[in-house]
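Please look over the sequence and the structure shown here.

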Amino acid sequence: MPKKVAIIGTGQTKHTARRTDVNIRELVNEAVTRALSDADVRLEEIDAIMIGNMEPFEGFMFPEHWSVEGWGGYLKPSVKFNTGGTVGTTTIAASYYYIAAGIYDTVLAIGFEKQSDGHTQTAITTVGDPVWERTMMAGAVGNFALMASTFIAEGGVTDEHAAKVAVKARHNGARNVNAHLQMPELKVDDVMKSELLSWPVRKLDMCPQSDGAVAVVLTADHLAKKRCPRPAWIRAVTTAHEQQYMGDSPKRLAVMRSQMVASRRLYKVVGITNPRKELDVAEIYEVASWAELAMYQNLGFCEPGEAGKLIDEGVTLMGGELPVNPSGGVLCTNPIGATAMIRVAEAALQVMGKAGAHQVPNVKTALATGYGGNAWTDAMILTASTN
Amino acid sequence: MAKPDDVIRVPFLMKMEYRYALGAYASRFFQELKDHGRLIGIRCPECQRVYIPPRPVCGICFAETGDWVPVSNEGVLVGATVVRLPFIDPMTGERRPVPYGMGIIRLDGASTAMYHFVDETDDAKLKVGRRVKARIRANRQGNMRDIECFELVD
């Protein structure tokens, strides 16, 4: 039997466009110090450290080695991960597996990115296969625009629906002290009149580029109950990979096979048959407003073609039936190597009742997803109880 | 300690050269494109999907692919956009002139699609469902740029 695993503490930096006051080592140290303090755990009690990052953004190999003193890795067992956008959730998944397998009791997971040190759009291009895809790459924006165009062609979503998602994110982010973008006054009209980057994607439909770090303390059940009054239990974890090339799954936003498969696998493990009713909150990796709409249907929050209706009815707003991204999500904060782990940390905060001004009342079950590479999915479900 | 305004940023430009080996399947595709200006795919004997890029294994069936099959240089737009955001061209390091059209194109006879440039910058014309045709260069090198772009077909 695998051991039960819980999150007992989290720490984040105040995410922002340019942290020129710190280098990577100093940035990561802020999140780690906060997570250890939140969990009330000393570094000596951490058995191993899992650290994730996407090094093309910083432009040098092993930024985690260079910053090891900042994250407490000196002579400790540690593993570095890079799975692209999903790296934060992959790093949590690996931490979970180590504890569930009984190899370590307490693991510190870290994700970080310092986008301002490099050139984000150019680095993202290296995701594309150099022979087949890179020549025609147009950064994150052009690719998402193409994907969004396939989704719009299926019907049921409009610019206004996307703008409503963008507004929801920025209003939520304004209540999250760590969120990069804080736009409490943003209106739907502002989004629809923002600069057209690549139809249908406008400037305010896209995520920002952020500097930030996040750290999460995970531990086995015999320690979790002693260390934390209300831990967030990781009840189910999974990953699913798409085929290799972007054109292999042409409708890759409307039909995200990896996300559909991964989410259904989780729902089965915890016995969820109606995610919209049975999940209390979701923290999902939505890199653009259009992506969030597509994910509503791919994650089973609504039927295909009804994502626009979901945002129109306010189902995913704070106070709605299933609030999505109370933190403001990726649309407010995107330090890529940290982003997916921020989803998990935020889901954990909701379950632990520690989300402050962006707390959803009485969260018992939360979904967190990571998204990256060519439509790869990591996903997990966190709950307040162990069964 | 330095105040935030006093910190120093050091600029660094990194130029690296790579030479990617295509492998047997892509080499055959690009040789055919270079020598004859023709597009070919490879079929999975189990699910009958025709793949471009060609590959030795169908990821869905985990079966060894079989016959090479000709694929048309015409197809349909599955996705389309006009890129207006200035962007560094990864092949040259120079800023790519905007606007330019892009599409996700499913060629007739292929099950998969490809991303490529489309010679159209009018959002009203560049729409999903439109027919397109590859503009093959006269002077070909054996790479994706042998397809200069796609153009809308009336």
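**From confidence to contacts**

This is a predicted model. Chain B has an average pLDDT of 92, and 95% of the residues score at least 70. For the model, ipTM is 0.92 and pTM is 0.96.

The C-alpha trace of chain A spans about 55 × 45 × 40 Å along its principal axes. Of the 387 residues in chain A, 62% are buried. When contacts in chain A between residues at least 6 apart in sequence are taken, 79% join residues at least 24 apart.

Next come the domains. Chain A is divided into domain 1, with residues 5–120 + 210–227, and domain 2, with residues 130–206 + 238–383. Taken over C-alpha atoms, the centres of domain 1 and domain 2 of chain A are separated by 23 Å. Contacts between them involve 33 residues of domain 1 of chain A and 28 residues of domain 2 of chain A. On the domain 1 side, the elements that give two or more residues are strand E1 (5–12), helix H4 (87–100), strand E4 (106–114) and strand E7 (211–220) of chain A. H4(A) provides the largest share of that side, seven residues. By class, the side has twelve nonpolar, 18 polar and three charged residues.

The largest nonpolar core has 167 residues, and those with the most contacts inside it are Ile110(A), Phe144(A), Val216(A), Trp290(A), Ala348(A) and Leu382(A). Helix H15 (residues 336–352) of chain A gives the largest share of this core, twelve residues. Both domain 1 and domain 2 of chain A give residues to this core, so it lies between them. Which residues does Val216(A) contact, leaving aside its neighbours within four places in sequence? They are Ile7(A), Thr10(A), Ala35(A), Ile92(A), Ala109(A), Met341(A), Val344(A), Ala345(A) and Ala348(A).

The last topic is the interface between the chains. Here 35 residues of chain A are in contact with 35 residues of chain B. On the side of chain A that touches chain B, two or more residues each come from helix H5 (120–125), helix H6 (139–153) and strand E5 (196–198) of chain A. The largest share of this side, nine residues, belongs to H6(A). Sorted by class, the side of chain A that touches chain B has 17 nonpolar, 14 polar and four charged residues.

Notes. Residues numbered from 1 in each chain as written. Chains lettered and ligands numbered in written order. Predicted model: local features only at pLDDT ≥ 70, side-chain atom pairs only at ≥ 80, totals over all residues. Core = buried A, V, L, I, M, F, W, Y, C linked by C-beta atoms within 7 Å. Buried ≥ 20, exposed ≤ 12 C-beta atoms within 10 Å, placed from the backbone. Helix = DSSP H or I, 4+ residues; strand = E, 2+ residues; numbered from the N terminus. Domains from an automatic or database assignment. Contact = placed C-beta atoms within 7 Å. Nonpolar A, V, L, I, M, F, W, Y, C, P; charged D, E, K, R; others polar. pLDDT = per-residue confidence, 0-100.
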